[in-house]
Amino acid sequence: MAENKKVLVIGGGFSGLTAAVEAAEAGFETVIVEKTPFLGGRVTQLNKYFPKLCPPNCGLEINFKRIKNNADITFYTLAEVEKISGREGSYDVTIKISPRFVNDKCTGCNACNEACPVEMPNEFNFGMDKTKAAYITHNQAFPFKYVVDAKHCKGASCAKCVEACKYDAIHLDMKPETVTLNVGAVVLAAGWDLYDVTKLDILGGGQIKNVVTNMQMERLASPNGPTGGKILRPSDGKEVKNIAFVQCAGSRDENHLPYCSYICCMASLKQATYLREQYADSKARIFYIDIRTPGRYEQFYWKVKEDTNITLTKGKVAKLTEDPATGDVILVAEDVQAGKKITERFDMVVLAAGMVPSTKALKIPGEISYTDDGFVVPGTLKKGIYAVGSMKSPVDVSKSVQDATGTAIKTIQSARR
Amino acid sequence: MAEQVIKPDLNFINEVINGGGESMKKCFQCATCTVVCNVTPDDNPFPRKEMVWAQWGLKEKFIGNPDVWLCHQCNDCTAYCPRGAKPGEVLGAIRKQSIKQYSAPAALVNFVNSKAYIPIMFLLLAGLLSMAGTFKIHDGDIVFTKFASTQFLQIVFTPVLLFGIAVGVLGVKKFWADMKAATGVTSGDLKGSITETAKEILSHKKFTMCDVNADRFIAHFLVFYSFIALGIATALGVLYIDILHMESPFRLGYGTPVKLFGFIGAAGLFTGALLMINNRFKHSAKLGLGSYFDWLLITIVTVIMASGILAWITRLAGVAPVAYSIYFIHLVFVLSLFLYLPFSKLGHLFYRSAAICFMKYSGREKK
Amino acid sequence: MEKKFGVYFCKGCGIGESVSFEKLKPRVSGKGKVPVDCIKEHPVLCSPEGLEFIKNDIKEGTNTIIIGACSPRVKYAEFDFPGTLTERVNLREFVAWTAEPMSADAQSLADDYMVMGILKAQKGGMPEPNILPDLSKTILVIGGGMSGLTSAIETANAGYQVVLVEKEAELGGWGAKLYKETPRQYPFDKLEEPGIFARIKEVESHPNIKVFKSSVLEKTDGQPGLLDITIKTNGNSESMRVGAVIMAAGWKPYDASKLEYLGYGKPNVITNVQMEEMAKKGQIIRPSDGKEAKKVAFIQCAGSRDANHLPYCSSFCCATSLKQAKYVREKNGEALAMVFYKDIRTPGQTELFYKSMQNDPGIMLTKAEVTGISDAGNGNLFVEADNTLLGEKIKVEADLVVLATGIVPATRAPQEYLDGLTEAQKKGDVAKNSYLEATPKPDFILNLTYRQGPELPSLEGASGFADSNFICFQYETRRTGIYAAGCVRQPMTMADAADDAAGAAMKAIQCVEHVAKGIAVHPRAWDTTFPDPMMIKCTSCKRCTEECPFGAIDEDEKGTPFYRLNRCRRCGTCMGACPERIVSFKDFSVDIVGSMIKSIEVDEDEFRIIVLACENDAYPALDSAAIKRIKINPKVRIIPVRCLGSTNLVWVTDAFSKGIDGLVLLGCKYGENYQCHFVKGSELANYRFSKVKETLDKLQLESDRCQLLQISISEYDNLPKLINDFVERVEEIGPNPFKEF
C-alpha cells in the first residue's frame, strides 16, 4: 500500500479538533489550520455544556492532551487556507500564517501582558471588558503561548513587551508566512458566528445596554469571564434578579435566519439555571415559539421546569425598549395560551441569538457551493472534501462530535488512496 | 369552558387563499404580529388568532368577529412576520369573506370580486346608463348636461347609492347582532360609542399608529377627506337644484363653494389614490403587491379621478368626442363605486366603523 | 535498563527568585539518593540552550531525567526526549507562582516535589507495550438498518473486513418500510425516495462485507482484537474472530397498546408505522371499512415526552408526521391532515421542511394537549384536546387518527431484564430462581461472556439507551471495543443515524489499531503501560473484577481474576481496589505513590497536607489557579493520580503513619451527571474513603482529617480556597498524634 496521505482540517474548534484527533488515532497524519491564535473555538467561550452542566474545558483538556501526546497531529494558528486545488487523495493546499509576534520560546509568564500599555476591547468576552494587546484569552488556553494583536499593537515604537520578555519570545517584526501542503482529504470545520443582533431592530438593535446575547451571557457566567462568573448587568453592575430569554432572536425568521439554530432552547434553559444557582431569589422567564429539546434533552427541560421560579411562555418577543431612568428592559410579547398581549419589566434580557455558519461571511476557497444562508451543501462537495458540524446545519456539541468522528473515517478513506 | 367542536372547512381556506391570503398557511403562531401591531387591543389581540382560525378554515369563528375589521392594514405584522405569512394581507382576504357574509346578495360580492365577471359588471352598468339615450356626441359647446341630464343622473344614481347604503346598513345590523352574540356583550353606551367612533375615524388616530407603512396615513386621510369634500359638493348641488330649485351651481364660476369643494376633493382624491398605488409598489418586496380585492377599489377611485379631470380638461380644450367618451367612463365608474359600495373593499366604510364602535361599546378599547 | 539520572532545575519564570538551588541541591541529593553532581540548574531550561544542555547529558548516557520547571501541561514538545524516562516536576505553578518567594515554605515545597519526582523515576520503568498475539482487525456490525449498513460500508471502504449480522430475513430495517423519506438536502422542501436500497445493494456487493441474515449473535467471548463470536443462522452456528463491534441493533416503536387513552385499539386509530405501510401500499384508507380517509388527525408525542410512557422526545416524529400529512394531501386533494403537537420540533435546517410542508391548504396544525379520542359514529373519531390555539377545550372529528409513536431502543428490554435479575439476586437464590422462571427472557444482542454481564451496560437514567455519558466523546461505552450507533444510542432521525454510524465505525477501527500496537483506547489513547498484577499474591477477593468500570477482568473457574488487557482503559481502578496492592503500572503503582507520600519531609511543628489530585480535571484546575497566581497554602503537597478510582487505601495509612496531618482527595463530580472519564472513580474513592474513616475514628485519629472534594476543571478560582479552608480545619483539629512516632 502506498504511503497514507495527510488529512487537512480547516478549523480548530471542537469539530475540527475531534476530526483531527480521531483520524490521527487511527494512524493518519493530520494538520489543523486555525484562524484565531488559539484552538478550541466557540466552546472555549462557554461556561457549561447542556444538559450535564459540565465545563467545556474538561473535554478540551482531554483533546489537547491527545494532541500533545500524538506526534501525528500538527496545527497552525492564525492561519487561513488560501487555496485548495487537486482531487481526492491529492489536494494541494496553500496556507497563509499571520504573525503571532510571539515565538515558541514564550513560557506563558505574563510579563508582556503586564508591560503592554495598549488596552483593547476583549473580543473573547464580546467586548464586555478590555484586554491588552499582548494577551492570552484565558488561563486554560491552548497553545499556552501569548499573542500580540496586530491591529492594536503600537509596534516597534512602543516595544514595551519586547523589553519585558526575558526569553526573547517577542519579535514585532515577524512576517506572514506561507505553507504549502499536499493532503489526501480536507475537512471543513470553520464553525459559526453569532447572528448580528444589531439587525434585530425591534429587539433594540444592540442599543439597549441590558439586552445581551446568549454568548455574552455565557461569558458573564464563566469564572474566566469579565465579571469572574457573577451575573451582573452591564449598565450598572447590578445583580440580575429578574431575567427574560427571547428565543428565536433571529432564528426561524426569514427576515434574518430562516432555519432553527438548534442550540438556543437548551442554551436558554441552561442559562436560566446559571442565574437560579447564583441568586436564590431570582426569576427567569423564557419566551418561545416551540421548545426544542430533542431526544433525551427533554429530561433537562423537565428538570428546569420543576423550578417554579423559571417560567416558560409561548409567544415570541417582538418589542424591547429601555427604561432610561432605571436601565430596566421593557418587553412586549403575546402570551399565546392566555390570549393576552403583555408588557413586562426585566433587569436584563438575553437574546437567544442564532448560529450563522462562518462561511456566510468568509468563503473557503475551492469549488464549494453554499446555500443562501452560507451553509455548505454536502452533496455538492468534491470527493475528498468533507464538511462537519455547523458548516452543514446548526448543531450542538454532541452532534458536532458525532459528525466529526464520522467524518474522520471518510477522510482516512480518501487519504488511503 | 364548554367544549367547542372545531369544523375545518377546506373551501373557506381556499377562498381566503385565492382572495389574497395565499401566504396564510406559512404562519407558525409565533405571535410576532400581535406584538408589533399597534392597533390591536391587549386582550384577545389580533391577528395571530385569526391566522390559526383561517389556517383551519374555521369560518364560524369569523362570524361577528370585529377584530378583522379593527385591522387597518398597516402591515407592520407583515413586515416583521418571520415566515412571510403576511397577516395583514390575510386579514384583508378574510375581510372580503366577511363582506360576503354580510352584504346581501352575496352573489354580487362574487361578481364584483371576480376577474372573470368584472368586465361584464362594468358593461352592464354602461348599458344601464345608455338607456338614457342622450349619450352621443353633441355639437356645439361641450355641455355635459346635454349628454346626461341632471334629472337622469338623479334618477339612476340616487337609487343605486341608496341601495348600496341600504345593503351596507343591513349588513352592519346583522354584523352588530353577530358581534353581540359572539362576545356575549349585551349592553353598552351606544351613543357615546358612536361619537367616539366618529372622532376616531375623523382624526385617523389609528392610522397614525402604523410604523412600517406610515405613509398610509396621508394616503387614506386624503382619500377619506376628499370623498367628504366631493360629497359636500354633490350635496350642495342637490341643495341648489332640488331643494332651493336654483340654477345648477356647477355652471357658476370657479370661486363658488361647490366648485371649491369639487376641486379640493378631486385633487385630494387624485393625490391620495396615487399615493396608495405608490405605497403598494414601495413596500411590495416585503408586503406583496396586494390582492385583486385591494386593486379593484384603487382602480375605481383612480379611474374616477383621472376620468373626471380628463373630462374637464378635454371639455375646456373643446375636443368633444374625447370629452364625452371620457365623461361616460367617468359616470360608469362613479355608478360602480355607488353600487359596489358594500360589496367591494369600500364596504369597510360600514364594517370597520361598526367594529370600532362595537369595541368601544363592549368596553374592550385599549386604555 | 540501568538508570543514569539527570536532575534539572529551571530558574526561569520566577522559580529562581522563589527557591534557592543551592539549598535544594544537597537536600534533594540526600533524600533522593542521587549524586549531587547530576543535579544541575539552568536559567531557562526550555530555551534552545537549556534543551541542548539536557541533550548533551543524554548523549553522555543520562537516561532518567527529572525536570524541575513548569507544569507538564506546557512545554511538552520541548521536554520530550525519546528513549528516556522523563519526569516533570511542577515547580513553577505549584511553588513559584503560588508560594511566598524565598520563604522556608517555598523551599521546602520545592525540595519535597523534587524528591517525589526523583522517587517516581527511580521506582518507575520504561513502558513497553503488551501486544497480544493472533489479533483480528475484522469489525462486526450488529444490525442491518440504516446505522448498521452505513457502519459496514464506511468500515469496509476504509479497508477493513466487515461481518454484518441482521436478525431479519432482509436488510434495511425501518428504512426499507418507508414510502418516502424526509429530505436530506437543501432546500429541504420535497419528499424523497427512500435511500436505503442503494445502501443495501452496496453492502450486499461489497467484497469486504460478509452478511448474515436471519442471524443473531449467540456468544461473544474474549476481548478487543480477540473477540470470538458465534453467529446463529436458522439453527446453524458459525464461529469466527473479530476485533471490535458496532452495535446498531436499532429500535422498536413504542408499544401502542399502552396508549389506550389515545384510542389505540379502535379500528381507525393507527400508528405512524402503520401509516407508512399503508402509504407504501398505495391508498390511505380506514381500516374499519376500507374507505378513503379524508380527515386524518396526527397526534404527536404519542407516548413520547410523557412521564407515564417515554420520558424523552423521540426526535423523528414531528418531521415524520409532516411528511405523512403530505401523503394524505398528495393522495387526495380534498383530504385534510390535522396535526396536534406539543411543540413542533424540526431543528436546524429541518425548519425549512416544516415551512414547506405546512404551506398546503389542507395541512393544519395546532399546539394541543390531546386528552382523549372518543367515538363520533360511523367509525369516525373525536380528537379531544385542551389548551389549543383554537380554544381551551376543543373536539375535532376525524375519520382516521395516526399516533406518532416513538422510539424504544433494542437495548432496553435486555437492560430491564438484567436490572430485574440483579435486584432479584440481591434477595437471594430463591428470588433469583423465581425471577428467572417468571420473566420471559428478551432477545439479547451481544451475549457477552463477561463477568460483569452479557450486554453493554446502558447509561443510568437513560431509559435503556446505550448512550455515552460524555458530550465531548460520543462513543464512550463501558465495554471497550463495543460501540453503539444509531437509535440504540439516542433517539434520532435516519439522516442522523447514518452520520452516527460512521462515527462508531471510526472508533471501532481505532480500537483494533490501538490494540495492534498495544496502546490503550480513549481517553488514555497514548498510554502503552498496562496493569501488571502479581497474581501469586492474589487472594481472589474479586474487588477488582467487581469495581473495574469496563468489565476488563473476568474470573477463571477457580474464581481467580483474569485480566483481559485489551478491554482495559488504564484508569488504575483495580490498583486502587486491591487490598493486597498487587496491581502496578510501569509508571504508576501503589509503591510509587506510597514512596512519594513517605518521602515528604514532616516536621513536628509544621502541618503537612497531601492532595491526591486527579490528573484529568483537578490537576489542570490547580494549574489554572496558579496561572492566576491564586495562593495555595504552602503546607499542601499535590500528588497527581490517574483517577481517584486508583486511590489505594494504603496511601491513607502511609500518610498518617508518616505524620501527615490531613489528606484531600481531589476529583471530579460524581452522581447522575458524573464527569469521571473512568465512570465512577471519585465515587468509588469516596466509598472506600468512608470505610477508612471508620477505622480512623477507631484509632482516635479524627476522620475529618480526610476529605474528598469534588470540583470541575473550571472551578479553579474557588479551588485554592477550598483547600486552604481544609488546611485551616486540620489546624483546628491539631497536629497528627502519630507525628511523634
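This is a predicted model: local features need pLDDT of at least 70, side-chain atom pairs count only at pLDDT 80 or more; totals for chains, interfaces and linings use all residues.
Figure 1. In the domain assignment of chain B, domain 1 covers residues 10–102 and domain 2 covers residues 106–361. The C-alpha centres of these two domains of chain B are 26 Å apart. Together, domain 1 and domain 2 of chain B bury about 3,000 Å² between them, and carbon and sulfur atoms give 64% of this area. Within domain 1 of chain B, the residues that lose the most area to domain 2 are B:Trp69, B:His72 and B:Tyr102, which together account for 25% of what that side buries.

**Figure 2. Polar and charged links between the domains of chain B.** The interface of domain 1 and domain 2 of chain B holds 1 salt bridge and 12 residue pairs in polar contact, with both residues at pLDDT 80 or more. In a salt bridge of chain B, the side chains of B:Arg280 and B:Glu89 meet at 3.5 Å, N to O.

**Figure 3. An aromatic pair in chain B.** Over all chains, a search of the whole structure finds 45 aromatic pairs. One of them joins B:Phe144 and B:Tyr324 in an edge-to-face arrangement, with 5.9 Å centre to centre and 80 degrees between the planes. B:Phe144 belongs to helix 9 (residues 144–147) of chain B and B:Tyr324 to helix 16 (residues 320–340) of chain B, so that the pair links distant parts of the chain, 180 residues apart.

**Figure 4. The interface of chain A and chain C.** The area buried between chain A and chain C is about 7,300 Å², with carbon and sulfur atoms giving 55% of it. A:Lys52, A:Arg296 and A:Gln402 supply 10% of the area that chain A buries against chain C, more than any other three residues. Between chain A and chain C there are 11 salt bridges and 37 residue pairs in polar contact, both residues being at pLDDT 80 or more. At least two residues of the side of chain A that touches chain C are supplied by each of helix 1 (14–24), helix 2 (56–68), helix 7 (297–306) and helix 8 (397–415) of chain A. Helix 8 of chain A gives the most to this side, with 13 residues. The side of chain A that touches chain C has 38 nonpolar, 24 polar and 25 charged residues. A salt bridge brings together the side chains of C:Lys355 and A:Glu254 at 2.1 Å, N to O.

**Figure 5. The interface of chain C and chain B.** Here 30 residues from chain C and 25 residues from chain B take part in the contact. About 2,200 Å² is buried between chain C and chain B, of which carbon and sulfur atoms give 60%. The interface of chain C and chain B has 2 salt bridges. B:Glu3 and C:Lys395 form a salt bridge in which the closest N and O atoms are 3.7 Å apart. Strand 19 of chain C gives the most to the side of chain C that touches chain B, with 7 residues.

Terms used
Residues are numbered from 1 along each chain as its sequence is written. Chains are lettered from A and ligands numbered from 1 in the order in which they are written. Side-chain values use heavy atoms; hydrogens and water are left out. Domain bounds come from an automatic or database domain assignment. Buried area is the accessible area (1.4 Å probe) that two parts lose on being put together, summed over both. A salt bridge is a side-chain nitrogen of Lys or Arg within 4 Å of a carboxyl oxygen of Asp or Glu. A polar contact is a pair of N or O atoms within 3.5 Å; within protein, one must be able to donate a hydrogen and the other to accept it, and residues adjacent in sequence count only if both atoms are side-chain atoms. Rings of Phe, Tyr and Trp (its six-membered ring) pair if their centres lie within 6.5 Å; planes under 30 degrees apart count as stacked, over 60 as edge-to-face and the rest as tilted. Helices (H or I, at least four residues) and strands (E, at least two) are DSSP runs, numbered from the N terminus. Ala, Val, Leu, Ile, Met, Phe, Trp, Tyr, Cys and Pro count as nonpolar, Asp, Glu, Lys and Arg as charged, and the others, Gly among them, as polar. Contact means heavy atoms within 4.5 Å.
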